[in-house]
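Morning, everyone. I'll talk you through one chain today, starting with some bookkeeping and then moving through the parts I marked up.

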Amino acid sequence: MSLNRRHFINLTSLGVAGFSIKGFANTSSNKSIKPIVISTWDAGLNANKGAWAVLGNGGSALDAVEKGVMVTEDEKNCCVGLGANPDRDGFVTLDASIMDHEFNCGSVGFLERIKHPISVARKVMENTPHVMLVGEGAQQFALSQGFTLESGEMSDDAKAAYKQWLKKSTYKPIINVERKGSTAQLDAKYIAPHKLDTGEWNHDTIGMVALDAHGNLSGSCTTSGAGFKLRGRLGDSPIIGAGLYVDNEVGAVVATGQGEDVIRVAGASAVVEQMRQGKSPQEACQFVVERIRRIKKEKANDIQVCFIALNKDGAYGSYALHKGFNYAVQTNEGAKLVESPFIY
Ligand code: SD4
């Protein structure tokens, strides 16, 4: 049994929700695996369960990546969806995108008071001739498609975080805060996996890519964007080619971290192009993260950028600028949480 295989334990049987693997050698797979779903950060463990209910029953990658991230959007007091941190004016504004195996794609940006932005993005993809709707128009479209207008009130956690932020009101988003304690310790608690011991959220996004039993890839991404952002700000997540990209002949990639710096290099698309040139998913992610480091020079110290990638054969990998990024993997062999390799 390989090391990977040994560690790829069915977590339900262990009675824990996650299992972490440390070390560079175990942070990616070149094995051919399908179906498979991978998603960003530790919140991905729960999200993957939602995706697996579809994928494990022979369902499509597209349905899986929608259903999967809906789990996170649904979580109360979460880093994603309506429970997330607001912009600096106190409004929660959401971005999401989805892409299938035939280059169909849809996204929404600056969407307010709608519970499942990922499903609105899918409706944009399927029911309009457009790719992207934003703001009031996106909200009107959602209502026309049967979505409900929610109250717009912040979650308790977001209210507390906003109150805290207002004391200084400085616009300096911290996209990644290094965790105290190991991922294994975090797994053992598994109460609010995306929360740090300090109570802060470690991130604001979930991105997911999946390969189904039919060999088709799809991806999704949903976010409240950077906490306390300027009103009207869009990040990379709703931008096809930046936050998310899928080419069914090559692979699927999703980004998390400082959206502005992902957009600058057309990040997800750039990673797919590196895989097309023959790089493994991890090598392709690393290539683009290193490009961002070169562009940002010493400012790379202040930002986090991470990519996860899944290729056509089900091999996967990731790379991050800074320590502290992890992602969740689910296959027929079970579920695990993987710590990403990084530069700093
Ligand atoms: C954004 N990329 O809006 C998102 C933020 C993020 O974990 O990934 N946070 O820039």
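Before I name any strand, here is how they're assigned: strands are DSSP runs of E with at least two residues, numbered from the N terminus. Keep in mind too that this is a predicted model.

With that in hand, take Leu 111, which sits in strand β4, residues 105-111. Is Leu 111 buried or exposed? Its relative accessible area is 0%, and since the cut-off for buried is under 20%, Leu 111 counts as buried. Setting aside neighbours within four places in sequence, Leu 111 touches Val 92, Thr 93, Leu 94, Pro 117, Val 120, Gly 135, Ala 138 and Gln 139.

Now zoom out. The chain has 11 helices and 13 strands, and 61% of its 344 residues are buried. If you take contacts with a separation of 6 or more, 66% of them link residues 24 or more positions apart.

In soluble globular proteins, nonpolar side chains tend to be buried together. Here the largest nonpolar core has 47 residues, and Ile 38 and Phe 307 have the most contacts inside it. Which strand gives the most to this core? That's β10, residues 305-311, with six residues. There is also a second, separate core of 33 residues, and our friend Leu 111 is in it, along with Val 108, Phe 141 and Ala 142, among others.

Next, helix α3, residues 44-55. Nine of its 12 residues are buried, so α3 is largely enclosed by the rest of the structure. Among those buried residues are Leu 45, Ala 47, Trp 52, Val 54 and Leu 55, and Asn 48 is on the list as well. The cover over them includes one helix, α4 (61-74), plus strands β2 (36-40), β6 (205-211), β12 (326-331) and β13 (334-339).

Now a helix pair I like: α10, residues 267-276, and α11, residues 281-296. Their axes come within 8 Å and cross at roughly 130°. That angle makes α10 oblique to α11, and the crossing is right-handed. On the α10 side, the contact uses Gly 267, Ala 270, Val 271, Gln 274 and Met 275; on the α11 side, Pro 281, Ala 284, Cys 285, Phe 287, Val 288 and Arg 291. By type, the residues of that contact are eight nonpolar, two polar and one charged.

Most residues other than glycine have a negative phi, and most peptide bonds are trans. What kind of peptide bond joins Lys 34 and Pro 35? A cis one, with omega about 0°, and Pro 35 is in the loop between β1 (20-21) and β2. Phe 103 has phi near 70° and lies in the loop between β3 (94-99) and β4. Arg 113 has phi of about 60°, and is in the loop between β4 and α5. Both residues count as partly exposed, with Phe 103 at 41% relative accessibility and Arg 113 at 33%.

One more from α5, residues 117-127: Glu 126 is in that helix, and at 44% relative accessibility it counts as partly exposed. The C-alpha of Glu 126 is 8.1 Å from that of Asn 104, 22 residues away along the chain.

That's my tour, and I'm happy to take questions.

Definitions and conventions: Residues are numbered from 1 along each chain as its sequence is written. This is a predicted model: local features need pLDDT of at least 70, side-chain atom pairs count only at pLDDT 80 or more; totals for chains, interfaces and linings use all residues. Side-chain values use heavy atoms; hydrogens and water are left out. Axes are lines fitted to C-alpha atoms, for helices over the stretch in contact, and angles run from 0 to 180 degrees between N-to-C directions. Helices (H or I, at least four residues) and strands (E, at least two) are DSSP runs, numbered from the N terminus. Angles under 35 degrees count as roughly parallel, over 145 as roughly antiparallel, 65 to 115 as roughly perpendicular and the rest as oblique. A crossing is left-handed if the near helix is turned anticlockwise from the far one by less than a right angle, and right-handed if clockwise. Contact means heavy atoms within 4.5 Å. Ala, Val, Leu, Ile, Met, Phe, Trp, Tyr, Cys and Pro count as nonpolar, Asp, Glu, Lys and Arg as charged, and the others, Gly among them, as polar. A nonpolar core is a set of buried Ala, Val, Leu, Ile, Met, Phe, Trp, Tyr and Cys residues joined through side-chain atoms within 4.5 Å. Buried means under 20% relative accessible area, exposed over 50%, partly exposed in between (1.4 Å probe, protein chains only).
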